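Here's a quick briefing to read with the model open beside you.

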Amino acid sequence: MQIYPTLEDFTGAVGAELGPTDWLEITQDRVNLFADATDDHQWIHVDPERAASGPFGGTIAHGLLTLSLLPRFMHELYRVDGVTMAINYGLNKVRFISPVPVGAKIRARSTIADITAVDGGAQVSMVTTIELEGAAKPAAVIESIIRYVK
């Protein structure tokens with residue numbers, strides 16, 4: 001984990017690569033819990049028997065499940081001290097490039113793409129790649145925006 005003692009230290013890190021995180025196994029239990037939380041029970045996610053003969057050879061994680069793990073990964077990658085809060089301000093771009101089979105492992109690495117001063121703090125654009133163990137292409141690439149308040 002990279003620790004920035006102040007927001008000013010962080011703003012000087014544009015272009016820095018953070019990570020990677022530890023690998024995280026995507027279990028069927030996690031996928032099922034996400035399906036229950038979102039009411040998205042599509043068979044490619046929650047029916048291992050049917051999915052075995054489907055296009056992916058088994059169940060896969062929801063793309064939005066992969067995206068929802070972004071805060072977990074960010075907490076593993078870095079911390080900015082000396083701020084009162086960090087706010088998820090939104091997403092500029094999200095691409096789900098490769099399906100994440102149940103049982104696969106994913107991890108993240110990010111690049112600090114841009115930091116802009118805003119009233120009372122800074123707005124940060126992060127580009128995060130969610131890697132899929134053993135795959136040539138990533139599971140997802142996400143450009144997120146975080147606001148830090150002093």
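A residue counts as exposed when its relative accessible area is over 50%, and as buried when that figure is under 20%. Keep in mind that this is a predicted model. With those cut-offs, Asp29, Leu33 and Ala37 come out exposed on one side of helix H2, while Gln28, Val31, Phe34 and Ala35 of H2 are buried.

**Helix H2**
- H2 covers residues 28-38, and its buried residues sit within an arc of 125 degrees when you look down the axis, so they line one face of the helix.
- An α-helix has 3.6 residues a turn, so residues three or four places apart point the same way.
- What do the buried residues of H2 pack against? Their partners are helix H3 (43-46), helix H4 (48-52) and helix H5 (63-68).
- Just past the end of H2, aspartate 39 has a positive phi of about 60 degrees.

**Largest pocket**
- The largest pocket holds about 460 Å³ of space.
- Its lining takes in 18 residues, with Pro71, Met74, His75, Ala86 and Ile146 nearest the centre.
- Helix H6 (70-77) and strands S4 (78-80), S5 (85-96) and S8 (140-149) each give two or more residues to this lining, and S5 has the largest share with five.
- By type, the lining splits into 14 nonpolar, three polar and one charged.

**Second largest pocket**
- The second largest pocket has a volume of about 150 Å³.
- Of the 13 residues lining the second largest pocket, Ile60, Ala61, Gly63, Ser98 and Pro99 lie nearest its centre.
- H3 and H5 are the elements that supply two or more residues here.
- This lining has eight nonpolar residues, five polar and no charged.

How values were computed: Residues are numbered from 1 along each chain as its sequence is written. This is a predicted model: local features need pLDDT of at least 70, side-chain atom pairs count only at pLDDT 80 or more; totals for chains, interfaces and linings use all residues. Side-chain values use heavy atoms; hydrogens and water are left out. Buried means under 20% relative accessible area, exposed over 50%, partly exposed in between (1.4 Å probe, protein chains only). Helices (H or I, at least four residues) and strands (E, at least two) are DSSP runs, numbered from the N terminus. The arc is that of the directions from the helix axis to the C-beta atoms. Contact means heavy atoms within 4.5 Å. On a 1 Å grid over the protein atoms alone, a cavity is a set of points where a 1.4 Å probe fits but cannot get out, and a pocket is an open set with protein on both sides within 12 Å along at least five of seven lines; lining residues have an atom within 4 Å of a point. Grid points are joined across faces, edges and corners, and a volume is the space filled by probe spheres set on the points. Ala, Val, Leu, Ile, Met, Phe, Trp, Tyr, Cys and Pro count as nonpolar, Asp, Glu, Lys and Arg as charged, and the others, Gly among them, as polar.
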